[in-house]
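Subject: Structure handover

Hello,

Here is the structure for you to look over. My notes follow below it.

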Amino acid sequence: MTGKNLEPLRWRNGVLEVIDQTLLPAKLAYVRLGDVGQVCAAIKTMKVRGAPLIGVVGAYGLVLSVKKVKTPDLAEAQTQLRKWADILIQTRPTGVNLRWAVERVFNASTEVGDVSSLKEVLLKEADAIFNGELEAARRIGKYGSALLEDGDTVLTHCNAGALATVGYGTSLAVVRAAVEQGKRISVISTETRPLLQGSRLTAFELAHDKIPVKVIVDSAAAQMMARGVVDKILVGADRILRTGHVTNKIGTLPIALSAKFYGVPFYVAAPVSTVDMVTDPSRVVIEERNQREVLYVAGRRVAPRSVEALNPAFDVTPPELVTGIVTDRGMAGPPFVESLRSLSG
Ligand code: MRU
């Protein structure tokens, strides 16, 4: 790997600094978030995105909400924190990491003796989540790299890289670790309409690390498999259910269906914090985003004025299409009900 590692998030002097991902690849710049309201807005507008990163940002967001607490009464302070925790969790409903991380920090607030120690205790918990997720990304890389052989071409969708985590990535962690072991790996990245996380972010961070990458339009994925140029598919996840259903960026499902047809292994890489052992597949909320993201390209309307758009941000890939799930605790294979239960236990 060359160049300085990307650091999507840093906590400096009581302020959260995040790379504004809406500016990439043109500009690599940090935006300062000193207030929980700013954190909510940054998540909603996708200045920060990617399930594990959203989780950690939400955790620090709850730390920042302590500034809004003006009461010396601990029970009242916890009620106020609960309100902010719920607001944070609702900013993006599909990924499970956000709820997981915010609840962890909120639970820490129930352990303190008085209001004056809230900030310190919550910050300690947010830092622990940050460090845990960074460590998880490294372990995903280690376990997953065994799947890749020298010379492989990997197709990925959206961005499940350093920029979607606190560093190193999930599916791109697997690629990075394999490259660090000396394997020659090249990547095909879908552009990922409508917000172009593939061409803007995945291509940016792989180019930054000098890992060969080519961008395709989303609809070219099946043709690449038909041509036989894709050895493995590697994607991230926003929520993996106990059944092995994988919720990920819209467009993942057609890639998985094509992979099954053409016999290409379809792998998912995600930390255990992305596994949701509770929710039923029928209850997963698929975020519906603003129609403008589809109807406009680079600020210019491309569809007739009279036409509306549908803009689901995620889809759900059934377990029958998933070859394996790389987690920070090792590989899970079918039947996922059993393998995920033992890994997340
Ligand atoms: O809408 P986004 O950009 O937040 O969606 C991101 C994805 O779908 C990623 O694949 C997923 O969060 C996994 S990131 C390690």
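A residue is called buried under 20% relative accessible area, exposed over 50% and partly exposed in between, with a 1.4 Å probe and protein chains only. Strands here are DSSP runs of E, at least two residues long, numbered from the N terminus. With those terms, strand 7 (residues 232–235) is covered on both faces. Lys-232 and Leu-234 are buried on one side, Ile-233 and Val-235 on the other.

Before the rest, the ground rules. This is a predicted model, in which local features need pLDDT of at least 70 and side-chain atom pairs count only at pLDDT 80 or more, while totals for chains, interfaces and linings use all residues. Residues are numbered from 1 along each chain as its sequence is written, and side-chain values use heavy atoms, with hydrogens and water left out.

Strand 7 has parallel partners. Two strands pair if DSSP finds at least two bridges between them. Strand 4 (residues 153–156) pairs with strand 7 over 2 bridges, in the parallel sense. Val-154 stands opposite Lys-232 there. Strand 10 (residues 266–269) is also parallel to strand 7, over 3 bridges. Phe-266 in strand 10 is the bridge partner of Ile-233.

Next, Thr-327. This residue sits in strand 15 (residues 324–327). Thr-327 counts as buried because its relative accessibility is 1%. A polar atom of its side chain lies 2.9 Å from the backbone nitrogen of Arg-329. The backbone oxygen of Gly-330 lies 2.8 Å from a polar atom of the Thr-327 side chain. Beyond its neighbours within four places in sequence, Thr-327 is in contact (heavy atoms within 4.5 Å) with Ile-140, Tyr-143, Ala-270, Val-272 and Leu-343.

There is also an open sheet of 3 strands, in the order 1-2-3, with antiparallel pairing. Strand 1 (9–12) and strand 3 (30–33) are its edges, each pairing on one side only. Strand 1 and strand 2 (residues 15–19) pair over 4 bridges. Val-15 in strand 2 is the bridge partner of Arg-12.

Last, the domains. The bounds come from an automatic or database domain assignment: domain 1 covers 9–137 and domain 2 covers 139–344. Their centres, taken over C-alpha atoms, are 25 Å apart. The contact takes 26 residues from domain 1 and 35 residues from domain 2. The two domains bury about 2600 Å² between them, 57% of it on carbon and sulfur atoms. That buried area is the accessible area (1.4 Å probe) the two parts lose on being put together, summed over both. Arg-49, Thr-94 and Ala-137 supply 25% of the area that domain 1 buries against domain 2, more than any other three residues.

Best wishes

Note on methods:
Polar contact = N/O pair within 3.5 Å; in protein donor to acceptor, adjacent residues only side chain to side chain.
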